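Please read the following report alongside the sequence and the 3D view.

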Amino acid sequence: MIRGVMKGKGLRQGDALSPTLFNLGLEKVIRESYEERIMEVIGEETVLAYADDIVLLGNTREEVTRSVSKLIKASKIMGLCINEEKIKLMILSRRNLDQSNLKVGSMNFEKVDNFKYLGVNINSSNNMQREIKEKISNGNRCYFSINKLLRSKLLSRKSKTTLYTSNFRPIVTYGCETWSTTKDDNRKLVLWERKILKNICIWTSVQRQPRNFWKKTRPRTRWKDTLEKEMRLIDEHVTLDWTLDREKWKGLLVAA
């Protein structure tokens, strides 16, 4: 027989075994507070929980209160505690319901109109304008953080485009499956994408030009060229050598 193992200190932070043990303990908490209430996601019955990010749904305030109370009790049995500051209450309804905070025992949970869940901004009015604006801002920060890399001559246009599709676009479109967008929202997303791709194409095309490209298309203008051009407006046969001949220069001034 194997003797019992005495528990001393817990697992260290970052230990590979820590997530597995935490998931096992949290699974028992979820099962005990489940109450056979389900949510359909893509046609499948599932619990809306990811690691320790749990969403409790209810049709009434009393139903949510019972679910939260049962979750608190089940968590204490497993040695887990509820963070009162991180738990929020959101009401999704067109009717005028009680908008006060949720009180469960000695705990008071704040009622909010919007909060972040798994990196997505959820609000009671289902307005995605704030979420899309924030995503575009994050995409711009990512773009300017590697702007020098996009201007580099070492990367081809194909490599830069691949960098956009694998890095920039996922940041902006994260959680887009749940968006209910308007025409203005779609226009903002299209403009942002065009701006990034336009900058990538412009810098790539400029880098591929030969060194003497600009000299062939637009020669450098000197002050002598400008002076000779102005003098030929008076006499088409004039040259800069006339400035050394006193009589010719005097006649040119008189004609002017």
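A disulfide is a pair of cysteine sulfur atoms within 2.5 Å. By this rule the count comes to zero disulfides. This is a predicted model, in which local features need pLDDT of at least 70 and side-chain atom pairs count only at pLDDT 80 or more, while totals for chains, interfaces and linings use all residues. Residues are numbered from 1 along each chain as its sequence is written, and side-chain values use heavy atoms, with hydrogens and water left out.

**The chain**

The chain has nine helices and nine strands. These are DSSP runs numbered from the N terminus, with helices (H or I) of at least four residues and strands (E) of at least two. Of its 256 residues, 22% count as buried. Buried stands for under 20% relative accessible area, exposed for over 50%, and partly exposed for what lies in between (1.4 Å probe, protein chains only). The accessible surface comes to about 20400 Å², and carbon and sulfur atoms hold 54% of it; such areas come from the Shrake-Rupley method with a 1.4 Å probe, and for residues only the protein chains shown count as cover.

**The sheet**

Three strands form an open sheet of mixed pairing, in the order E5-E7-E6. Its edge strands, each pairing on one side only, are E5 (88-89) and E6 (102-104). Two strands pair if DSSP finds at least two bridges between them. E5 and E7 (residues 107-111) are joined in the parallel sense over two bridges. Helix H2 (residues 61-77) packs on the sheet and touches E5, E6 and E7, and its direction makes about 45° with that of E6. Axes here are lines fitted to C-alpha atoms, for helices over the stretch in contact, and angles run from 0 to 180 degrees between N-to-C directions.

**Cys 142 and Asn 167**

Helix H3 (residues 129-145) has 17 residues. Its buried residues include Ile 132, Ile 136, Cys 142 and Tyr 143. Asn 167 lies in helix H5 (residues 157-173). Which residues does Asn 167 contact, leaving aside its neighbours within four places in sequence? They are Cys 142 and Ile 146, where contact means heavy atoms within 4.5 Å. From C-alpha to C-alpha, Asn 167 and Cys 142 are 8.4 Å apart in space, and they are 25 residues apart in sequence.

| Residue | Relative accessibility | Class |
|---|---|---|
| Cys 142 | 14% | buried |
| Cys 176 | 32% | partly exposed |
| Asn 167 | 27% | partly exposed |

Note on methods
Expected span 1.5 Å × (residues − 1).
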